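Open the model in your viewer and keep the selection tool ready. The stops below are given in the order to select them.

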Amino acid sequence: MRHLGAIADLSSAEVLQILDRSEEMRSGARSLIGAGRVLTLAFFQASTRTRIGFASAGVRLGFGTVDLLAERYDLRMSSSESLEDTIRVVSAYSDALVLRHPANDAWTTAVTDVSCPIINGGNGNGEHPTQALIDLFAIRRALGRLDGLTVGIVGDIRGSRSAHSLMRALSRLVPKEIRLMGPALRVDTTDASTWCAGVTEQVTVLHHLSLRNLDVIYVAGLPPGTGADRLPDAERERFALTPQCLRQLPDTGVVLCPLPRIDEIALEIDSDSRARFFEQSDDGLWVRMAVLERATSHSKTPARSMRFADVSG
Amino acid sequence: MRHLGAIADLSSAEVLQILDRSEEMRSGARSLIGAGRVLTLAFFQASTRTRIGFASAGVRLGFGTVDLLAERYDLRMSSSESLEDTIRVVSAYSDALVLRHPANDAWTTAVTDVSCPIINGGNGNGEHPTQALIDLFAIRRALGRLDGLTVGIVGDIRGSRSAHSLMRALSRLVPKEIRLMGPALRVDTTDASTWCAGVTEQVTVLHHLSLRNLDVIYVAGLPPGTGADRLPDAERERFALTPQCLRQLPDTGVVLCPLPRIDEIALEIDSDSRARFFEQSDDGLWVRMAVLERATSHSKTPARSMRFADVSG
Amino acid sequence: MRHLGAIADLSSAEVLQILDRSEEMRSGARSLIGAGRVLTLAFFQASTRTRIGFASAGVRLGFGTVDLLAERYDLRMSSSESLEDTIRVVSAYSDALVLRHPANDAWTTAVTDVSCPIINGGNGNGEHPTQALIDLFAIRRALGRLDGLTVGIVGDIRGSRSAHSLMRALSRLVPKEIRLMGPALRVDTTDASTWCAGVTEQVTVLHHLSLRNLDVIYVAGLPPGTGADRLPDAERERFALTPQCLRQLPDTGVVLCPLPRIDEIALEIDSDSRARFFEQSDDGLWVRMAVLERATSHSKTPARSMRFADVSG
C-alpha cells in the first residue's frame with residue numbers, strides 16, 4: 001500500500017515525479033479516476049487548507065469525499081473506541097484516507113492494520129510531508145530549481161511539523177545553506193541534527209532574523225505557547241516579517257509560508273512581488289491531486305466494474 | 001466574477017431570468033455541469049435549509065461539495081486566521097462558494113480578493129438575496145404574477161435579513177402596498193426608508209397584525225431577543241399566525257415563510273390550502289440550482305479538460 | 001415510499017433479497033445509479049460506522065452525500081425547529097435519508113410527512129435494522145446458513161438497538177436456541193417476550209457467560225451506565241470475552257460484534273480465526289449499498305433527465 005507518512009517514505013526521484021505530475025495537473029491534465037471511489041478525511045485536529053485542499057483535490061479527480069467529523073472525538077470520554085480500531089474500520093470503506101492527529105505516534109498506530117492508502121496530513125509535532133511537497137513545488141516554480149539554495153526558516157522550528165518535513169526534504173537537495181531562525185526556546189543545534197541529517201555543516205542557527213542572501217525565507221509560524229514555554233510579545237515580534245526587514249531580502253528571493261499567518265507576516269507584504277505564499281497555497285491543489293492520484297493508482301475498487309447507469313430512458 | 005451579495009447586484013431582468021431558469025430546473029431540465037468541480041459551503045453560522053439546500057442543488061448539478069465546518073471557527077481565539085485570508089485561500093480551491101456569517105461586514109471583507117464566485121447565504125442582519133429569489137419564485141407560482149401586489153411582512157423587520165432582501169426585491173416590482181407589521185421595537189418608518197427606497201409611499205407600518213386584502217402574508221420570524229431588547233411573550237403572540245386571524249386573509253392570499261418557524265405559525269395552519277411555506281421551501285432547490293448555474297457558467301475549471309477515466313477495462 | 005424503520009418492515013423474502021444483492025455488490029456488480037442524486041445523513045447522535053459506512057456506500061453508487069451536521073442541534077435551545085419540520089424540509093432536497101436519533105419515537109415523528117425514503121440508522125434504544133442485516137450477512141458468510149442456529153447475545157440486551165433488531169430477525173429464522181446473557185439489570189425474560197415473539201420457547205436467559213455449543217456469539221456491548229443503574233467493573237468483566245472463556249466456543253463458532261468494542265472483547269482475540277467482527281464491519285459496506293439501492297430504486301429524481309454536460313469542447 002502506498003502510504004505517505006513522512007518525507008523519508010519517498011525517494012528523491014519520487015519527489016520529483018510528484019512535482020512533475022503536479023505541474024501537469026496545473027496545466028489541466030486530469031481524468032476522473034475517482035468516480036465512485038471514496039476519499040475519507042479523518043481530521044482529529046482543526047485544519048482549513050489541508051482538509052479543504054484535499055477535499056477539493058479529491059472532487060476534481062472525481063472522488064466522493066467523506067468527513068469523519070473527528071473533532072467530536074476529542075471530547076469523548078476515555079471509554080471511546082481506539083484510534084486503531086476506528087481507522088481500521090473506516091479504511092475498509094475508503095479508497096484513500098488523509099489523517100491528521102494531535103499525537104505524534106498516531107501515524108504509526110493508525111497504519112498498523114489498514115486496507116487503504118493513508119496520507120499523513122500532520123501528526124503532532126512530527127511531520128507534514130504533503131506540505132513539504134507543496135513548498136518544494138512553490139520553490140521550483142519561483143526559482144526554477146531546487147538544489148544549491150540558501151533557505152531561511154523562521155519560527156517555532158522545534159514545534160512546526162511543516163518545518164520538519166521541509167528540512168528533511170531540503171537536506172536531500174544539496175542545499176548551499178539552511179538558516180534556522182527563532183527564539184532560543186524554539187530552535188538550537190539539536191534541531192539541525194534531528195531534521196537536517198547529512199547536511200548539518202550547511203545549517204546555521206540564529207536567534208535573530210537575517211534575510212541576507214536568502215533565496216527563500218520560509219515563515220513557519222511562531223505561536224506564543226503557554227506557561228513556562230510562553231514567549232513575550234516582544235520576543236515574537238523580533239521574528240515577524242515587516243516591510244522594513246524585508247529590505248534585506250534579495251530582489252530574487254521569495255517569501256513562502258504554509259499559512260495561516262496570524263501576525264508573523266505584516267499585511268503590507270502581501271503586495272510585494274516577492275511574497276508568494278498565496279500562490280504557494282493555491283498551487284497546493286495540484287500537488288494534493290498528484291499525491292492522491294499516486295496513492296490510489298492501485299486502488300482496490302476495480303475501475304472496470306464502474307458503469308454509469310443507463311440513463312437513455 | 002459573478003458574485004451575488006445583495007438584491008442590488010441583480011437587474012430586474014436578471015431576477016426574472018433566474019426565476020425562469022428555476023422553473024426549467026423544476027421541469028427536469030439540467031445537466032451535470034459541476035462534474036469534477038467544487039462547491040464550498042462556508043457557514044460561520046448555523047443553517048439547515050440554506051446549507052443543505054445549496055449542497056443538494058450542487059449535487060444535482062454534479063458538483064462535489066466541501067464543507068468548511070466553520071462553526072468551529074466561532075469558538076477560536078482572537079489569534080485565528082483572518083476571514084479575508086481564509087476565504088481567499090479556500091476560494092482558490094473552489095468553483096463557487098456560499099458564505100454565511102454573523103457579521104454584516106463579512107461579505108465585503110470576504111470578497112476583497114477571491115478567485116471564485118461567492119454567493120451570500122446571509123450576512124448578519126444585512127441581506128439574504130437567494131432567499132428573496134426563492135420567495136419571489138413562490139409568489140409567482142402561487143399568484144401568477146409579481147407586480148401590483150399587496151404584501152404583508154410580519155416579524156422582526158429590522159433584524160431579518162430575509163425580510164430586507166425581500167423588501168428590496170418587492171420595491172422594484174411596482175407593489176400596490178407593502179405592509180410592515182411588528183412590535184414597535186422591531187419596525188418603524190426608518191426601516192421602510194432603508195429597505196423600500198423609491199416606494200415608501202406604498203409602505204404601511206403597523207404595530208399590530210392585519211391580513212385584510214393581502215395577496216401574500218410573509219412571516220419573517222420574531223425571535224424573543226435578549227436583555228432590554230427582549231419581547232414579552234404576550235407581545236410575540238400578538239404577531240403569531242393563528243387559524244382565527246387567518247380568517248382575515250382573502251381566499252386567494254397565500255402564507256409564506258422562509259422557515260424555520262418556531263411558534264410564529266400555528267401547526268393547524270399547515271393544512272390550510274393557503275399555506276404554501278413547505279412548497280416554497282421545496283422549490284428553493286430549483287432556485288438554488290439556477291443561482292449556482294449562473295454563478296459558475298464562466299467557471300475557471302475548464303470543462304474541456306474533464307474526462308471520465310477509461311473504464312472499459 | 002420504501003422506508004426502512006424496523007426489521008418488521010421487511011418480509012423474510014425481502015431480507016434474503018437484500019442479502020443476495022449484498023453478495024452481488026461484494027462481487028463488484030454495481031452501477032452509478034446515484035449520479036446527480038442526494039443521500040442525506042441526518043445523525044442527531046454520534047456514529048462512525050453507520051454514518052461513514054452509508055456515506056461510502058452512497059459514493060460507490062454515485063450519490064452525492066450531504067451531512068446535516070446534526071450534532072449541533074443537540075445543543076440548541078428548546079426554541080429550535082421541530083424534528084418533524086426539519087426532516088420534512090430536508091427530505092424534499094434528498095433522494096434518500098439516513099436518520100439516527102437518541103429518542104425512540106423520533107422515527108415515527110420523522111416519517112410523518114416526508115418526500116424521500118428514510119432509513120433508520122438507529123432510534124434511541126429501539127431498533128437498528130441495517131445493522132441486523134449486516135449481522136445476518138456476516139452469519140451467512142461465516143456459516144453458510146441462517147436457520148437452525150444456536151446464537152448467543154451478550155451485553156446490554158435491554159438497551160442495545162442492535163441486539164433488538166437482531167433478535168427480531170433471528171426469531172423469524174427458525175432458531176435452535178437464542179441465548180441472552182447479561183447482568184440481571186440488563187436482561188430478563190421480559191426482553192425475550194418483547195423481541196423474540198413466537199420463539200420464546202427457544203430463548204434462554206443467563207446471568208453469566210456460556211459459549212458452549214454456540215454457532216455465533218454476538219457481543220452487543222455493555223456500557224457501564226450511570227447512577228443507580230451503574231454496573232460495577234467486576235460485573236462488566238464477567239461478561240467480557242477473554243481468550244480463556246473463548247475456549248468454550250466450538251471451533252466452528254464465530255465471534256461477531258457491531259463495534260465499537262471498548263473492553264468487551266480482549267485485543268488478543270482479534271487474531272483468533274473465529275473472530276469475524278472486522279470482516280463483518282467491512283462487509284457492511286455491501287449491505288448498505290444494497291439497502292440504498294433498494295430504497296432509491298423508485299427515486300423521484302428522473303434518471304432520464306440526467307445528462308452529463310457536453311465536455312467535448
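Predicted model: local features only at pLDDT ≥ 70, side-chain atom pairs only at ≥ 80, totals over all residues.

Residues are numbered from 1 along each chain as its sequence is written, chains are lettered from A and ligands numbered from 1 in the order written, and side-chain values use heavy atoms, without hydrogens and water.

Select strand E1(C), residues 38-43; strands (E, at least two residues) and helices (H or I, at least four) are DSSP runs numbered from the N terminus. Six of its six residues are buried, meaning under 20% relative accessible area with a 1.4 Å probe, protein chains only. Val38(C), Thr40(C) and Ala42(C) lie on one side, and Leu39(C), Leu41(C) and Phe43(C) on the other.

Leu41(C) is opposite Asp67(C).

Next, select H1(C), residues 12-26, and H10(C), residues 277-296, whose axes are 8 Å apart at an angle of about 120°. Axes are lines fitted to C-alpha atoms, for helices over the stretch in contact, and angles run from 0 to 180 degrees between N-to-C directions. Among the residues that meet here are Ile18(C) and Met25(C) from H1(C), and Trp286(C) and Val287(C) from H10(C); contact means heavy atoms within 4.5 Å.

Finish at Asp85(C) in helix H4(C), residues 83-91. Asp85(C) is buried, at 5% relative accessible area, and touches Arg261(B) and Phe278(B), leaving aside residues up to four places away in sequence.

Notes: Buried < 20%, exposed > 50% of the residue type's maximum accessible area, 1.4 Å probe, protein only. Pairing = 2+ DSSP bridges.
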